[in-house]
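Try each task yourself before reading its solution.

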Amino acid sequence: MLPDIMAAALNEQIKVEAESSQIYLAMASWAEVKGFEGIAAFMFKQSDEERLHMLKLLKYVNQRGGYAVVSALDEPRLDYSSFSVLFRQLYEHEVKVSASINNLVDIALTHKDYATHNFLQWYVSEQIEEEAQAKVILDKIDLIGDSKGGLYMFDNDMKNFTSQGHNIVQ
Ligand code: FEO
């Protein structure tokens, strides 16, 4: 059985992951309309992944005798002034998500909920990857600067950018 405080905190995280999915979906839609095909494909994929993060938590809470709540989501409020600003926001968002995962780990340890502590390790690893991936993308963006050709190549690259941060050959 989940301690009440743990169930409440996991429910908060369900909302965080669902909002992450919405944020990346909003980014995907913007990129698609702007003609950034690769960036859009990457963001749609990110959005799907965040939904899976949300579902995994939801199922865990229910499995442990809690009740996973599906709550209303905040509308994504993003600065769409450029694709680089968008990726900066993605990075900053992931840093915030990592902090909330760390907070969950803290609660699990404080309340001796070792099962949840174990469950959360998947998220801890996932956040290391997601932050690293966002950093790699920001470094690429720094490299291309204002070059139009660079942007074309970057967009093309993003089509094949996986969540593990590797480029795959199509
Ligand atoms: Fe599920 Fe990217 O945090």
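**Exercise 1: the cores**

The largest nonpolar core holds 26 residues, and those with the most contacts inside it are Ile39, Met43, Phe83, Phe87 and Phe154. A nonpolar core here is a set of buried Ala, Val, Leu, Ile, Met, Phe, Trp, Tyr and Cys residues joined through side-chain atoms within 4.5 Å. Buried means under 20% relative accessible area, with a 1.4 Å probe and protein chains only.

A word on the ground rules: this is a predicted model, where local features need pLDDT of at least 70 and side-chain atom pairs count only at pLDDT 80 or more, while totals for chains, interfaces and linings use all residues. Residues are numbered from 1 along each chain as its sequence is written, and side-chain values use heavy atoms, leaving out hydrogens and water.

Task: find which helices supply at least two residues each of this core.

Solution. Step one: take helices as DSSP runs (H or I, at least four residues), numbered from the N terminus. Step two: helix 1, helix 2 (37–63), helix 3, helix 4 (114–144) and helix 5 (148–158) each supply at least two core residues. Step three: helix 1 gives the largest share, six residues.

**Exercise 2: helix 1 against helix 3**

Task: work out how helix 1 and helix 3 pack, by angle and axis distance.

Solution. Step two: helix 1 (residues 4–34) and helix 3 (residues 83–110) come out at about 170°, with axes 11 Å apart. Step three: that makes the pair roughly antiparallel (over 145 degrees). Step four: list the contact (heavy atoms within 4.5 Å); among its residues are Tyr24 and Trp30 of helix 1 and His93 and Leu104 of helix 3.

**Exercise 3: helix 2 against helix 3**

Solution. Step one: the axes come within 13 Å and cross at roughly 20°. Step two: helix 2 and helix 3 are therefore roughly parallel (under 35 degrees). Step three: Ile39, Phe42, Met43 and Glu50 of helix 2 meet Phe83, Phe87, Leu90 and Glu94 of helix 3.

**Exercise 4: a histidine**

Task: decide whether His53 is buried or exposed.

Solution. Step two: His53 has 3% relative accessibility, so it counts as buried. Step three: skipping neighbours within four places in sequence, His53 contacts Glu17, Trp122, Tyr123, Glu126 and Glu130.

Methods. Axes are lines fitted to C-alpha atoms, for helices over the stretch in contact, and angles run from 0 to 180 degrees between N-to-C directions. Angles under 35 degrees count as roughly parallel, over 145 as roughly antiparallel, 65 to 115 as roughly perpendicular and the rest as oblique. Buried means under 20% relative accessible area, exposed over 50%, partly exposed in between (1.4 Å probe, protein chains only).
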